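Please look at the sequence and the structure below.

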Amino acid sequence: MDFPLPFLENMGGALYFYFIETSDVLSETYAANHQVSALTLKEGAQMSAGYATPGSLSLKADPVESEHGTYFTTEIKGFFPRPPASLVAEFFNMVNRKYIVLLRDGNNKTRMAGTLEQPLRFSFSEDTGSRAQDNPGAAFRFTGNINHPPYFYTPSLSFPTLTEPDGGQEA
């Protein structure tokens, strides 16, 4: 079996994510080799795009042995700087609800964390910082225990393109 060489891949980290409540998903279609080939959504349902400060978004899945076998403690976390009141209210409404999250990593691979049967739950914490140079914001997490590592999501998704700001220079 041939394995890809890690040094030929682009980079670590995650770039973008989408999320949807499991109540808006009808089914998941699994293919071979830890791949998901489709998510079927209820009529009118759509995924929400999430944002995190560049360099703060990550996916981690750690195997844990138990008397019932191996499961993966899965976490997607990120940071949103200086959230407005409307976003804090939305975060509050999302707490402990059940989600499936699709995350695009630095190697342009999309992973699906959470399933209909084993969803991720949302939580967040706010911090103003204690010093003038601290970056106030909200740290958020989607977490759960899943009986497999996050699957690769094979359908094509439209993820946003990041552009560099012009540095405040006027044209």
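Two strands count as paired if DSSP finds at least two bridges between them. Strands (E, at least two residues) are themselves DSSP runs, numbered from the N terminus. The model is predicted, so local features need pLDDT of at least 70 and side-chain atom pairs count only at pLDDT 80 or more, while totals for chains, interfaces and linings use all residues. Residues are numbered from 1 along each chain as its sequence is written, and side-chain values use heavy atoms, with hydrogens and water left out.

Start at strand 8 (residues 110-113). Strand 7 (residues 98-105) runs antiparallel to strand 8, and four bridges join the two. Leu-103 is the residue that stands opposite Arg-111 of strand 8. Strands 7 and 8 form a hairpin with four residues between them, and Asn-108 in the turn has a positive phi of about 60°. Strand 8 is also joined to strand 11 (residues 151-153), by two bridges, and these strands run antiparallel. Here Met-112 has Tyr-151 in strand 11 as its bridge partner.

In a regular strand the side chains alternate between the two faces of the sheet.

Now turn to pairs of rings. Rings of Phe, Tyr and Trp (its six-membered ring) pair if their centres lie within 6.5 Å; planes under 30 degrees apart count as stacked, over 60 as edge-to-face and the rest as tilted. The structure holds 15 aromatic pairs. One of them is edge-to-face, Tyr-51 with Phe-80, at 5.5 Å centre to centre and 85° between the planes. Tyr-51 lies in the loop between strand 4 (48-50) and strand 5 (58-66) and Phe-80 in strand 6 (residues 69-81), so the pair ties together parts 29 residues apart in sequence. Tyr-51 counts as partly exposed because its relative accessibility is 41%.

Phe-122 and Phe-142 also form an edge-to-face pair, with 5.1 Å between centres and 65° between the planes. This pair links strand 9 (residues 120-127), which holds Phe-122, to strand 10 (residues 137-146), which holds Phe-142, 20 residues apart. Phe-122 is buried at 1% relative accessibility.

Conventions
Buried means under 20% relative accessible area, exposed over 50%, partly exposed in between (1.4 Å probe, protein chains only).
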